[in-house]
Every structure is written in structure tokens, then in C-alpha cells.
Amino acid sequence: MSVPPLPSFAPVPRGFSWSATRHGAFTDCPRAYFYGYYLAKGRADGADLERARLAARLAALTSLPMWVGSRVHDAIEGLLREALGGGPAEVEPAIERMVARMRRDYAASRDGDQLVADDPRSVARFAEHEYPHLAARDEDWRTRVGEAQEMVRAFAAQGYLDAARALPREAQASVERLEKFALDGVDVWVKIDFAWRDGQGLVHIVDWKTGKQERGENPLQMLVYAGYARKVWKAEPERLRVREVYLRQPDPERPCTITAETIGAAEEAIRASIGAMLAKVSDRALHRACEADFELAASARPCRGCFFRAICPAPRDAGGP
Ligand code: SF4
């Protein structure tokens, strides 16, 4: 009789889950992670309501680079969905819609609409408007909008849109779908930009990148996607083609090395990350945590652009609020 493996994390709080984004937040600054994942969600020991509300509002901020990334992703998602559905998927009209949306976001943020919104996540608010030391010049906004337009054009020139148009229904294409799989009893969330199975049975996974800085070989996020495809789509590593596509680079494709070993190493990294996060949760039964258990950033690097400076007792750099 086979004995099922014991979960590595006992007990795991109800509602706890892991994602590469969560891991990045925890790694950058445990205290900022506490503000975003506990205080903002009303799961902090001894926190007053007003501070929790402020944390929720700050957690919903965006920044110029994040905003550009999310608007470009939205435009690409819309084009891919249209192409997969047999629609015209015209690039320039999609860019016009994106720019109109960016103008609305900018105006709402500048006018402070989020400060009075019932749901702070429903209205754009930039850290560049929240914190004077991050204020951007008019030309910076214009430059970023121009870059967003160029990135959508770069995407269209790479052939993925044509590939989507040609895919048959059995290709099981997936665009920006939020999915999860279980690792030792913990839900691991993934949101893959674009994936499909080709006529040879190879599964392609593509992640668009809108930043200038590259992440090096085999980033954890991509290996997590591969692990998901292996578990849920039953795609063996040798049949996976996983790549990042840097939309601002002339040579944009960065293929990842996917083997049973690299996927296994990623799962070990996830286990270590989950263990480190859970070690700080003082009340596992109620999934509540204590601010003092989450240390401040080890270096000043994340502090300058941190969304939580207004509630952090010790932002590290000069020029804060
Ligand atoms: S200001 Fe710095 S130390 Fe404070 S929460 Fe943000 S990143 Fe962490």
C-alpha cells in the first residue's frame, strides 16, 4: 500500500497561497510584504482600521513602469483574444484604445480620484503622484506612452498574432488565464501570458517583458509556469518550449532551459519561499501576522520607490514623505 507524502507545511493558514509576485515582494522587503499581504487585507494583529485602510490604498498604487507594463499586456491580451476568436485584431486601433485608457488613468491619478474611491483598486493612482520625491516630468509621461505604443507594434511584428490567427481550436490556447496548482497542499498561482499546443504536441509558453532590465537565465517565474504545464497540462519537460520576449530589445527572445531538474529546483525554491513566509505568521489558525516579525529591507534599494513609505517607520533613503 502506498503512503501519501506528508505535506511539508503544517498547518498552512486558510487562504495562504504562493505566487512569483508574492515571492518577489517578500524577497525585496519583508515589511512591505507585511503591509501589502496582511495589513492591507485586515490580517494584522493590533492594527487600527485607519492604518489598514491606508495600507489597502497604498497597496493599490502603481508606478510608471508597472503601468506601462500592464497597459501593454492588456493591449496584447485583447489582440490575441480577438485573433483566436477569428476577429480582425487590428493593431493601430488597439493602440489608440490603449492610449485613450492611459490618458484616463493619468487624469484620474492626477486628480486624486483614488483618495475618495470606495474600492482603491478600481482607480489608477501613481506613486509618482502620491510621493513628491518620485514626481515625473511631463516629458517622462509622454516618453513612456510612446514606448508603450512601440512595444505593442514590436509584439505585432514578431509573428505571434499571425500564429494565433492560424491556431486550430484543438491548440488549447490560453491567454492571461489565472490558474493554480497545489504544491504540498499550498495553492501556487500562475498567470501565463500566452500558451498553446502546436501540431507536433509541443507546448509553447510565452511571457512578454516590458522592462529594459533582463532577469538572467531560467527565472523562477518561468520554471513555475513549466511546472504548472507539467502538472496540469501533462506536458513533459522535453515537450515544453518556454520563453521570455523582451519587447524593447531588438533580439527579444530568451528561451529557458526546461528539464525535470530545473523544474525540481524551482519547486524546492518555492518550498523554501513558502517556509520563510509562513515562519513569520504568528497566528497560523487565523492567518494573522504581527508587524514586528517582518524586518525592514536589508538595503536602501527597495525604499525609494516603495508604495508603503507613508506607513513605514524607517524608509531608508533621503527625500521621503
Ligand atoms: S520603505 Fe523600505 S523598509 Fe519601509 S516598507 Fe518600504 S521597502 Fe521596506
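The largest cavity in this predicted model has a volume of about 30 Å³. Let us look around it.

**Exercise 1.** Find which residues line the largest cavity, and sort them by class.

*Solution.* 
Step 1. Start with the count: searching the whole structure for cavities of 30 Å³ or more turns up one.
Step 2. Select the residues of its lining: Ser 174, Arg 177, Glu 179, Val 190, Ile 192, Tyr 228 and Trp 233.
Step 3. Sort them: four are nonpolar, one is polar and two are charged. Tyr counts as nonpolar in this scheme, so look for Tyr 228 in that group.

**Exercise 2.** Work out which elements give two or more residues to the lining of the largest cavity.

*Solution.* 
Step 1. Compare the residue numbers with the strands: strand 2 (174-183) and strand 3 (186-197) are the elements you need.
Step 2. Look for the main contributor: strand 2 gives the most, with three residues.

**Exercise 3.** Now move to the second largest pocket, and describe its volume, its lining and the helices that supply at least two lining residues.

*Solution.* 
Step 1. Note the volume, about 220 Å³.
Step 2. Highlight the lining: Trp 67, Val 99, Met 102, Arg 103, Tyr 106, Asp 138, Trp 141, Arg 142 and Val 145.

Notes
Residues numbered from 1 in each chain as written. Predicted model: local features only at pLDDT ≥ 70, side-chain atom pairs only at ≥ 80, totals over all residues. Heavy atoms only, no water. 1 Å grid on protein atoms, 1.4 Å probe; cavity = no way out; pocket = protein on both sides within 12 Å on 5 of 7 lines; lining within 4 Å. Points joined across faces, edges and corners; volume = space filled by probe spheres on them. Helix = DSSP H or I, 4+ residues; strand = E, 2+ residues; numbered from the N terminus.
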